[in-house]
2 protein chains.
Amino acid sequence: MLFKKVCVNLSSYFKIGLVPKKYSIIASVLDKPKIGELTEVKGWVKSLRIQKEFIFADVNDGSCAQKLQIIIPKNLDIDDTLTYGSSVHITGKLSKSPRGQLELLAENVTVLGKCVVLDGYPFNPRTIHPPEYIRQYLHLRSRTNYMAAVLRVRHAVTKHIHDYFSKNNFLNIHTPILTSNDCEGAGEVFKVQPENEETMKAMMQEGRNRDSVYFGAKTFLTVSGQLHLEAICRGMGDVYTLGPTFRAENSRSRLHLSEFYMLEAEIAFCDSIEKLQSFIEHFLKYLFVVTRNTNDADLYLIDKNNKAPSWLNKQFLTLTYDEARNILAAKGLDVSDEGINKEQELTLVDYCQAPVFIVQWPKNLKSFYMKESPLDSTKVDALDLLAPLTGEIVGGSLREDDYTKLEKKLPSDALKWYLELRKFGNIPTGGFGLGLERILQVLCNVPNIKDTLPFPRWPHNCDM
Amino acid sequence: MLFKKVCVNLSSYFKIGLVPKKYSIIASVLDKPKIGELTEVKGWVKSLRIQKEFIFADVNDGSCAQKLQIIIPKNLDIDDTLTYGSSVHITGKLSKSPRGQLELLAENVTVLGKCVVLDGYPFNPRTIHPPEYIRQYLHLRSRTNYMAAVLRVRHAVTKHIHDYFSKNNFLNIHTPILTSNDCEGAGEVFKVQPENEETMKAMMQEGRNRDSVYFGAKTFLTVSGQLHLEAICRGMGDVYTLGPTFRAENSRSRLHLSEFYMLEAEIAFCDSIEKLQSFIEHFLKYLFVVTRNTNDADLYLIDKNNKAPSWLNKQFLTLTYDEARNILAAKGLDVSDEGINKEQELTLVDYCQAPVFIVQWPKNLKSFYMKESPLDSTKVDALDLLAPLTGEIVGGSLREDDYTKLEKKLPSDALKWYLELRKFGNIPTGGFGLGLERILQVLCNVPNIKDTLPFPRWPHNCDM
């Protein structure tokens with residue numbers, strides 16, 4: 001079914017997906033060592049030991065957690081700027097030590113950039129600096145082994161997510177960052193306007209607030225792409241988005257960020273909460289298993305005691321909200337009108353000895369777009385997934401697809417477009433969202449969420 | 001080199017990358033038709049012809065450009081809401097018509113959601129609506145064949161970019177949207193602050209401007225992730241980012257958006273402009289060839305006259321800025337002090353009969369971070385790639401890696417962190433950036449950039 005006019009001949013280009021490189025990355029050298037061959041690597045010196053006849057240097061280039069051991073004969077012409085932290089270009093022959101360790105016997109060592117610790121370099125060799133200390137140096141932070149490993153895992157998780165959804169025929173939709181929808185974030189939003197006063201003056205129209213000059217309406221940073229996803233889902237089927245999301249909360253906890261990444265998916269023709277649950281369970285297990293195997297050395301570097309979570313081999317359980325409340329009541333824990341709190345979430349997970357979906361939520365605890373339960377009109381078909389250590393890690397629901405019911409609950413006229421999605425060729429849909437950084441915390445055992453992304457933003461902190 | 005404690009057994013989960021689905025997507029039905037088998041599809045009616053004994057319905061579900069022809073015997077029990085635009089669930093047997101066309105002989109037809117055009121549905125069957133008209137209905141726009149095709153191409157291009165860079169060992173770095181760097185956007189930036197006055201009051205500190213209350217510094221939406229990429233590149237090697245970028249310009253042209261996606265890559269140890277050029281040429285050709293083949297039917301739907309660009313089979317050329325100026329002068333076109341304009345760009349491409357890199361730019365025309373040319377200290381090692389139809393499609397440079405030279409050109413103290421990257425373990429790097437929407441315009445022949453993304457934002461327009 002190829003349209004000849006559009007296609008171009010593949011033979012000459014389809015195989016050019018790999019860009020030729022003159023030197024080798026250390027991940028490849030370790031993966032498929034070519035003993036005895038002349039090898040060229042570039043990277044940074046992570047540690048240095050000077051012995052009688054040789055200098056031993058551990059070099060890493062960011063491509064993997066492991067370092068390549070370089071053996072440098074002292075009679076080689078070596079710059080005295082070869083120190084911890086310096087960048088180097090090394091040529092030599094690969095060999096195996098009597099103990100079976102891979103080594104590069106250097107024939108040429110060039111220092112590309114020196115690193116004088118006394119000149120203000122904040123990190124020291126063979127020292128584990130506390131994360132709070134490292135966080136003060138965001139621009140140099142990826143030079144620490146810990147942060148580099150986290151960023152490799154973040155890359156891998158992102159790639160696995162795109163691969164998984166693509167393979168399952170979900171379209172990646174870039175939902176907008178700027179939005180005039182004002183109702184979903186309960187006030188904790190950032191607003192946006194041009195910095196340049198000239199632009200403001202040129203665009204000003206009579207009677208218009210400064211907030212509305214540029215776009216003609218007050219404009220915010222997105223708190224969720226779900227409503228936009230639903231619009232595309234009703235024209236094209238399964239869709240997802242993975243991108244930045246914002247909260248203007250005054251929270252400095254180890255679980256909150258002002259800018260974070262959210263994965264949201266919307267499943268077309270999804271007409272039961274069970275289908276949604278089984279998708280989420282499948283996806284989460286896949287993501288954890290695949291990443292634990294592609295990035296085992298990184299996870300080990302981040303935390304030597306990181307064990308596969310017990311829930312990977314368990315069927316997730318399901319409780320209704322009322323059942324959950326009864327279980328907690330029997331343990332002397334009363335659920336307030338505001339819903340199940342963090343402590344109670346963890347009690348439930350402990351009681352179940354497995355991750356557990358809480359379903360059938362009271363309408364007043366959940367958002368306007370969630371579908372009224374066919375079993376009980378005071379409830380909605382929503383779910384929270386609770387897991388060990390973190391409590392809630394995923395939230396989702398079926399979406400209200402009854403025009404009249406949704407109309408009654410619509411919080412703002414600005415959302416008439418969302419209501420209208422139900423008027424023409426409507427379909428049942430359901431979806432879920434999860435925070436990428438929270439998933440990384442669980443996967444990597446990273447205590448503070450600020451250490452799961454390269455440039456964290458939180459109150460009073462937006463360096464660089 | 002697997003760390004046993006970290007790994008989990010793959011056998012049970014590695015193969016579960018595919019989520020089971022009860023119905024078939026039309027792309028799969030057409031790709032591997034199972035003639036004679038009972039098949040279930042769900043989608044939207046794109047056209048309907050009623051004949052003597054049968055109703056012929058073309059159904060599409062967003063998974064591909066093609067429609068599946070459904071043949072519905074009139075004696076079947078059919079709802080009269082089966083119309084153009086309605087959503088349907090159909091079960092039937094696959095067969096081939098005498099002409100070889102694939103058909104589904106319906107045994108059961110259920111209308112999931114009606115679509116009454118007279119109730120205000122803006123699109124009509126067998127009508128090609130102008131893009132300006134369709135753009136008024138952003139929430140329903142993906143239901144048009146044209147927009148659906150563009151969004152599938154956008155998905156594919158995004159996936160190909162991630163695959164290409166991942167395969168070549170580039171790390172995907174999520175550079176921040178919020179930034180306190182204030183110097184790069186030449187004033188055309190958006191600034192950000194919390195909407196909630198309670199939050200503002202609670203966080204206010206004496207002597208602080210409202211702009212700086214939340215983050216402790218004036219905060220903007222990013223205009224480029226390059227400087228952040230450079231920080232990671234100097235710790236981990238090759239990196240890239242693909243994400244939203246912002247300009248607060250008062251421009252309503254067919255080539256400008258207030259929010260758009262930018263691909264930026266930074267190549268470690270890149271010490272010559274030729275290496276950078278050859279990477280860009282390789283990448284662009286790969287992206288165009290692969291997408292033209294994975295999405296041939298979409299490209300054909302968008303524009304039946306879309307032909308493979310002649311430059312796919314040509315070596316790109318290189319001119320210095322001075323050579324380019326001389327060529328233009330010989331044609332009576334004077335280059336002003338502000339550089340080569342769009343008309344002149346296209347003249348050069350026409351003269352070269354191929355895409356052309358312009359290199360060796362005068363220092364004053366380019367950004368502070370570009371590397372001074374070793375051949376001429378009034379020039380920088382920058383490049384623009386000019387292509388037919390669009391003129392410039394890629395901009396890039398080597399980065400100034402000389403601490404003293406960079407210090408002299410640093411535009412703001414807020415960028416001291418950027419200077420410091422050169423102080424410790426520095427390496428030569430080079431990189432480039434390109435706008436995803438511009439690439440989609442060229443690839444798909446889409447005249448207006450607002451039709452290359454799902455929810456365009458431009459002055460006075462931020463609907464939904």
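The following legends describe close-up views of a predicted model. Because the model is predicted, local features need pLDDT of at least 70 and side-chain atom pairs count only at pLDDT 80 or more, whereas totals for chains, interfaces and linings use all residues. Residues are numbered from 1 along each chain as its sequence is written, chains are lettered from A and ligands numbered from 1 in the order in which they are written, and side-chain values use heavy atoms, with hydrogens and water left out.

**View 1. The contact between chain A and chain B.** Contact, meaning heavy atoms within 4.5 Å, involves 144 residues from chain A and 145 residues from chain B. The buried area (the accessible area, with a 1.4 Å probe, that two parts lose on being put together, summed over both) is about 13000 Å², and carbon and sulfur atoms give 62% of it. Six salt bridges (a side-chain nitrogen of Lys or Arg within 4 Å of a carboxyl oxygen of Asp or Glu) are counted between the two chains. A salt bridge links A:Lys21 to B:Asp238, with the closest N and O atoms 2.5 Å apart.

**View 2. Paired strands across the two chains.** Strands (E, at least two residues) and helices (H or I, at least four) are DSSP runs, numbered from the N terminus. Strand E8 (residues 190-194) of chain A and strand E8 (residues 190-194) of chain B run antiparallel and are joined by five bridges; two strands pair if DSSP finds at least two bridges between them. A:Phe190 stands opposite B:Pro194 in E8(B).

**View 3. Helix H9 of chain A.** At the N-terminal end, A:Asn341 caps H9(A), with a side-chain oxygen 3.2 Å from the backbone nitrogen of A:Glu343. A:Gln353, which follows H9(A), has a positive phi, near 55°.

**View 4. Salt bridges within helices.** In chain A, A:Glu281 and A:Lys285 form a salt bridge, with the closest N and O atoms 2.9 Å apart. These residues are separated by about one helical turn because they are four residues apart in helix H6 (residues 273-294) of chain A. Both A:Glu281 and A:Lys285 are buried. In chain B, a salt bridge joins B:Lys342 and B:Glu345 (3.4 Å, N to O). B:Lys342 is partly exposed, with a relative accessible area of 37%, whereas B:Glu345 is buried, at 8%.

Conventions:
A polar contact is a pair of N or O atoms within 3.5 Å; within protein, one must be able to donate a hydrogen and the other to accept it, and residues adjacent in sequence count only if both atoms are side-chain atoms. Buried means under 20% relative accessible area, exposed over 50%, partly exposed in between (1.4 Å probe, protein chains only).
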